[in-house]
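Work through the exercises below with the model in view. Each task is followed by a solution in steps.

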Amino acid sequence: MGSKYTKRYTEEFKRDAIALVDSSGKTVTAVARELGISSESLRGWYRKAKADRGEGSPGELTSAEREELKRLRKENREQQQTIEILKKATAFFVKENDR
């Protein structure tokens, strides 16, 4: 469970922290400790950056792919809702015609 008051970091800060991990040769945990941030946050940013550069694990999605998947899932959910509404409307009008 996360804290009620989570810190928000700028994209610039995240990029700089990731660059520091790449250039310093230090571990993610050591860099996070130096910057005073959670090692898990930095590890997540670093993993996403690697995936975006094409260096991630096989099958790992890039940020663009994650955004597209999110958009497509939302679109799919909306279409499923539309289909359900149309099914109910069809059933209603069929009943009305039978009277």
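**Exercises on a predicted model**

Exercise 1. State what share of the contacts in the protein chain between residues at least 6 apart in sequence join residues at least 24 apart.
Solution. A contact means heavy atoms within 4.5 Å. Among contacts between residues at least 6 apart in sequence, 33% join residues at least 24 apart.

The model is predicted: local features need pLDDT of at least 70, side-chain atom pairs count only at pLDDT 80 or more, and totals for chains, interfaces and linings use all residues. Residues are numbered from 1 along each chain as its sequence is written, and side-chain values use heavy atoms, with hydrogens and water left out.

Exercise 2. Describe the secondary structure and the spread of the protein chain.
Solution. Helices (H or I, at least four residues) and strands (E, at least two) are DSSP runs, numbered from the N terminus. The protein chain has four helices and zero strands, in the order α-α-α-α. Its radius of gyration, taken over C-alpha atoms, is 23 Å, well over the 13 Å from the globule rule (2.2 Å times the number of residues to the power 0.38) for 99 residues, so the chain is more spread out than a compact globule. The C-alpha trace spans about 80 × 35 × 20 Å along its principal axes.
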